[in-house]
Amino acid sequence: MKSKIYHQQNSNNSVVGSDNGCRSESPSPPLSPNRRVPRRQRRQTLFRASSFSFRRKLRYLLLLPMIYASGLLMCVGPFSGLVGWVYVPGSVYRSPEIYRKLRDDIFADNSTDVELSSVWKYKRRPKMQKPCPNSTVTSHLALNGESSALTLSGYLIVEANGGLNQQRSAICNAVAVAGLLNAVLVIPEFEFHAIWKDSSTFGDIYDEDHFISSLERYVKVVRHVPNEVMARFDYNLTSIPTIRVQAWATVKYYNGEVYPMLKEHGVIRISPFANRLAMSVPPYIQLLRCIANYKALKFSSPISTLAEKLVDRMVEKSSDTGGKYVAVHLRFEEDMVAFSCCLYEGGRAEKSEMDVIRQKSWKGKFKRRDRVIRPDLNRVIGKCPLTPLEVGMMLRGMGFDNNTSIYLASGRIYQPEKHLAPLQEMFPRLYTKESLATPEELAPFEGYSSRMAALDYTVSLLSEVFVTTQGGNFPHFLMGHRRFLFGGHAKTIIPDKPKLVLLLQDMEMRWEVFKKEMKQMLGESDRKGVMVPRLRKINRKTSIYTYPLPECECIFHLSSNFSTTGNIQNLGALHPTSNIMTSARL
């Protein structure tokens, strides 16, 4: 029996639905009402149609990720040089044009919404962890008696590298590692860096006697390895076994890999020693970091003497605001601009200049084949240092008027005559260590970037408001130190740079709109300033140096030298009579 073939005529008189897949070009009579397509055949037809549709959609779904990935490669990958760069909103530096457009409005609007004594609304204090781990420190380290020397495992030598605060991190970690390994810590050495070019030793920057005495109950510290030990290595430091420790090494790693070598040789070197200890360590080791950072590390007498004078002079020049001032950490030095790979308004001449600086300081790092430099994208994602002009507009928009005293913590600004002028115009009371100190006072510090940075650190530490513009070790340590002294509140302005660059490219923007956006940015920065990370016993992922509480609070129970009168001389800060510090612990 022949199979039956059913036809259905569509509006174009073409035939569909035949079981042999053919299409008849001749019209067919309509189906009789009594004759229907079998149910099984209808299901097969629907299945074929849905399968075809699914396969078609699947091809698109697989194709979309490929298109997206190709787009990213075109924008940021090696192909971008072949096809040209794609414009991204916020990627062009137009801040000088915006400033010229809004300048009259800025100077006409000198009313301030900010009182420095009440900038920060939040006074919430983090909860103290109980019990305070200070009671467990001595039981773990057992350095209260002379007999404890018999249990020491050997001598630990570390070489700290980087700038002032990277070295500070290495010193605190070295104290913690010495406590962990029950070792004698030799006063850390400082590596001479080609960028910072600072030959300072530990004693040039910090008070060695104070460092040793502050740690004597917890970690034994000596200035040199004893001669009887060095004799085994022919008095040659390079003959001492040197260990290269992995970054962010755990307690288990030190106990399993480093401790056996220390016991075997009696002395070891760890070099380099930056970020060589994990943040998550037992409480008694964490407290050693706190003691080292906030109690043992006190700047040397030459630095502390001049720093105290600079703070006094800033307080005096801020008499109209009750002695309170704003400190701005401005990273717009020549080397920072070069390293960021950002471009401003210097055109080809600026690009050529920065290329030379990068090659001189970092050799071929920026010329590798896989390295694609995109100044526009760096600006959009917030990697470009803010210019003095941008900082000035941001602070005026937040409500700081031209009577506000500002201390500029910075190295030599890139093209200062050009870039500092707008900030000086917006804030006539702008000061630096160079303008506050006499040439004779600064002469011993010239050529020593770490000692200069120590002066900036101290003046910024005791400011009412601290503004960070680029990140790095300096602001992270400073924010943590201020949180520690001010009971958990950072008192820091951290700009939302991706948002700021978009605003500073909108040529249609009015001053009232910019002010509104800056007030929101200030409020958000204030909210983040009081945030304290949640800690779970030995599960800290954040930096103890940036977020020192609650663990470091225990120092105040350990130290008999600290009082609520504001004497913080033994905690590394240098202005015991400051009215700011008098209220810091109230």
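1. A word on the basis. This is a predicted model, in which local features need pLDDT of at least 70 and side-chain atom pairs count only at pLDDT 80 or more, while totals for chains, interfaces and linings use all residues. Residues are numbered from 1 along each chain as its sequence is written, and side-chain values use heavy atoms, with hydrogens and water left out.

2. How many disulfides does the structure hold? There are 2, where a disulfide means a pair of cysteine sulfur atoms within 2.5 Å.

3. Take the pair Cys290 and Cys552, whose sulfur atoms lie 1.9 Å apart. Helices (H or I, at least four residues) and strands (E, at least two) are DSSP runs, numbered from the N terminus. The torsion about the S-S bond of Cys290 and Cys552 is about -70 degrees, so this disulfide is left-handed. Both Cys290 and Cys552 are buried, that is, under 20% relative accessible area with a 1.4 Å probe and protein chains only.

4. Cys342 and Cys384 also form a disulfide, with 2.0 Å between their sulfur atoms. Their link is left-handed, at -95 degrees about the S-S bond. Cys342 is buried, with a relative accessible area of 1%, and Cys384 is buried at 5%.

5. Cys172 is buried, at 0% relative accessibility. Cys341 is likewise in no disulfide, and the nearest cysteine sulfur, that of Cys342, is 7.2 Å away.

6. Now turn to strand β3 (residues 155–160). Because 6 of its 6 residues are buried, β3 is largely enclosed by the rest of the structure. Tyr155, Ile157 and Glu159 point one way from β3, and Leu156, Val158 and Ala160 the other. In a regular strand, side chains alternate between the two faces of the sheet.

7. Which strands does β3 pair with? It runs parallel to β4 (residues 184–186) over 2 bridges, to β8 (residues 267–270) over 4 bridges and to β5 (residues 189–190) over 2 bridges; pairing requires at least two DSSP bridges between two strands. Tyr155 has Val184 in β4 as its bridge partner, Ile157 stands opposite Arg269 in β8, and Glu159 stands opposite Glu189 in β5.

Technical notes
Buried < 20%, exposed > 50% of the residue type's maximum accessible area, 1.4 Å probe, protein only.
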